[in-house]
Amino acid sequence: MTQKTMAVIGTGVIGNGWIARFLANGHKVRAFDPAPGAEEKTIEYLTGVWDSLTDYGMADNASMDNVTFVETLEEAVQDADLVQENVPEREELKKQVLSLADEHAPATAIIASSTSGYMPSVLQENCHHHPERIIVAHPFNPVYLIPLVELAGGKKTVRSVLEKAREIYDGMKMKPLVMSGEIDGHIGDRLMEAIWREALHIVNDGVATTEEVDAAIVYGPGLRWALMGPFLTLHLAGGEKGMAHMLEQFGPALKLPWTRLVAPELTEELRGKVIEGTATQSGDSNIQELEERRDRFLIKLMGLLDEEGFWPSEKLVRK
């Protein structure tokens, strides 16, 4: 892919993850974050993940020298091909930042929000210059390794912008999923949130510890989901007749009160169980060591997924 200039607004965990992915794919980055010490934290972050990126594979022209911090948002977006917004999940703040980006970025630039919850139609409301190029491009942590990015357009988004965005993210070893519509929380987060709520109930009720809940996913459905996801996994559960038999046999169970999709009250007792449980699971490993272990595993796992060729990207791009 031809080298592009990416503007990154907000350099927390997600913003820095985007910077790492952009740099690893040979692009230039202009970053803006008003927080004190933001540039130093980004350089420290990049230094910490560069070995993982090297193992994953980089462009020949990849370099940490290609990131430049600037003093204002206007300066960050002025020559951008893509603007990636990553400010905190506060609606009015995001609208304000996106409105400024829309005012000062080139008309040809795509402006993408990393929001995990807001719909693009909401984020477009204060963009009066080119609202048709405002989209959601929601990644998953760690952004520099996890390939999925959920792309969604709002009421004012034109289809060609989503297609152009798909090509850009696809060119950075990502798996862009262009959504048919828009919904709060998009797809992946809504599914994760459902499991998270159930997990909290199980721990809160003393049925299992955090470690036991994690083990139930890691050594059970998580193994199958890593390749096929919930629908195709259940299709296989139906035997020769597939999903038709599965729904006939297990459909009635959907009426049983197994799930409680409203989260339990986050009491001090529940907080203690979750915090103490994850601390016990971590043992003597600090966060950095756990991240390095996770990254090594993800690189190996994605290699297996590539071998199996699961992702039917051409089928997921709706015309």
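**Overall fold and local backbone features**

The protein chain contains 14 helices and eight strands, where helices (H or I, at least four residues) and strands (E, at least two) are DSSP runs numbered from the N terminus. This is a predicted model, in which local features need pLDDT of at least 70 and side-chain atom pairs count only at pLDDT 80 or more, while totals for chains, interfaces and linings use all residues. Residues are numbered from 1 along each chain as its sequence is written, and side-chain values use heavy atoms, with hydrogens and water left out.

Along the principal axes, the C-alpha atoms fill a box of roughly 55 × 50 × 40 Å. Contacts (heavy atoms within 4.5 Å) between residues at least 6 apart in sequence join, in 72% of cases, residues at least 24 apart.

Next comes the surface. Of the 319 residues, 41% count as buried, meaning under 20% relative accessible area, with exposed set at over 50% and partly exposed in between (1.4 Å probe, protein chains only). The chain exposes about 17800 Å², of which carbon and sulfur atoms supply 56%; these areas come from the Shrake-Rupley method with a 1.4 Å probe. The chain carries 31 positive and 49 negative charges, and their mean positions lie 7 Å apart. Here Lys and Arg count as positive and Asp and Glu as negative, leaving out His and the chain ends, and each charge is placed at NZ of Lys, CZ of Arg, CG of Asp or CD of Glu.

The peptide bond from N141 to P142 is cis, with omega near 0°, and P142 sits in the loop between β6 (134-138) and β7 (148-153). K173, in the loop between α6 (159-170) and β8 (175-178), has a positive phi near 60° although it is not glycine; its relative accessibility of 37% makes it partly exposed. H186 also has a phi near 60° and lies in the loop between β8 and α7 (188-204), but H186 is buried, at 2% relative accessible area.
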